[in-house]
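Reader: I am new to this structure and would like to know what stands behind the words used for it. Please set each value against its definition.

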Amino acid sequence: MDRAKRRDVTDPAPEVAVHSEYLVKKLANAQRNLYGTVKFDVVSREIRKWSGGLDRKPRILDIGCSTSISKEYLADTGLEFDYCGADYEAAFEPDIVLDATRLTEHRDELPWRPDVITLLDVLEHLPGKGPAIESVMRQCGEVVAPGGLVLAVVPQLYRLDRLKLKHLHYPEHQVRMTLREWSDIIEQAVTIEAVIGIGYLSILPYLPMLSPWYEETNRHGKLFHHLRGKTFEWGPLKPVETTLTRGLGRLPGFRGWCNSSLLVCRAKG
């Protein structure tokens, strides 16, 4: 399932159905960034901690994988693993084209039973909102190997989601919820063992969105894009962000007041 290089999917073939043109275009040539670096540092550390007793490499099913950039990030942390990328957008050419809301129906298509299932910035895109989120997490609990992990990353101060400001709406996000609201839904389906905050510098570019006059194309929007795309992509900020997250991410008062939060889950029972 290794790929020689990431594919250019900015102009998918006409016969390939596209569910979200916006996301396909946005993610097709996504570059590594400050938030991604710290996110995968956290995810890799949790997988390492869990898989220490295994006599083989952990098997990771990456649901909503897009271009499978997760594979590259995780490999860069030094983690050794087997990988299967799954996405419902065939344009990304994942290892498996799979609708997360019908995960159990695709069980026989998987190359193995996964030890770890990741849903990294995926659940907020599900149509059906709360019931769909609960259903997907329940199905992950049924598919993951006994004792395995389900790792879900959900937005918090990404685009100020948890504040639910009326003048802001990111159309690709079906829900905007606080960490408590996310947890209340997810723990109906699986057991949440830990919650870790991710990203404390990478939230700063979103501050211009506090203005009620914010628009993507006005001066507030231009400031946001400059901060996120340039100022906060300065290389030395990456180790600083990683250190901040390792220090603050597990503290109760900081786990939801950050870019996103990682919920470390296991199947019930």
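Author: Contact means heavy atoms within 4.5 Å. Among contacts in the protein between residues at least 6 apart in sequence, those joining residues at least 24 apart make up 73%. The model is predicted, so local features need pLDDT of at least 70 and side-chain atom pairs count only at pLDDT 80 or more, while totals for chains, interfaces and linings use all residues. Residues are numbered from 1 along each chain as its sequence is written, and side-chain values use heavy atoms, with hydrogens and water left out.

Reader: What makes up the secondary structure of the protein?

Author: Helices (H or I, at least four residues) and strands (E, at least two) are DSSP runs, numbered from the N terminus. On that basis the protein has seven helices and seven strands. Their order from the N terminus is α-α-β-α-β-β-β-α-β-α-β-α-α-β.

Reader: Why are α2 and α7 called oblique to each other?

Author: Axes are lines fitted to C-alpha atoms, for helices over the stretch in contact, and angles run from 0 to 180 degrees between N-to-C directions. Angles under 35 degrees count as roughly parallel, over 145 as roughly antiparallel, 65 to 115 as roughly perpendicular, and the rest as oblique. The axes of α2 (residues 34–51) and α7 (residues 237–248) cross at roughly 45° and come within 9 Å. The two helices are therefore oblique.

Reader: What makes α4 oblique to α5?

Author: The axes of α4 and α5 (residues 179–186) cross at roughly 55° and come within 9 Å. That angle makes α4 oblique to α5. G130, I133, E134 and M137 of α4 meet W182, I185 and I186 of α5. By class, this contact of α4 with α5 has five nonpolar residues, one polar and one charged.

Reader: How do you know whether S66 is buried or exposed?

Author: Buried means under 20% relative accessible area, exposed over 50%, and partly exposed in between (1.4 Å probe, protein chains only). S66 has a relative accessible area of 11%, so S66 is buried. This residue lies in the loop between β1 (59–63) and α3 (69–76). Most residues other than glycine have a negative phi. S66 is not a glycine, yet has a positive phi of about 50°.

Reader: What is the phi of D121, and is D121 buried or exposed?

Author: D121 has a positive phi of about 60°, although it is not a glycine. Its relative accessible area is 19%, so D121 is buried. D121 is found in the loop between β4 (116–120) and α4 (129–143). For the protein, buried residues make up 53% of the 269 residues.

Reader: Why does R255 count as partly exposed?

Author: R255 has 27% relative accessibility, and therefore counts as partly exposed. R255 sits in the loop between α7 and β7 (260–267). R255 and G197 are 58 residues apart in sequence, but 4.0 Å apart in space, C-alpha to C-alpha. Not counting residues up to four places away in sequence, R255 touches residues including L179, V195, Y200 and S261.

Notes
Nonpolar A, V, L, I, M, F, W, Y, C, P; charged D, E, K, R; others polar.
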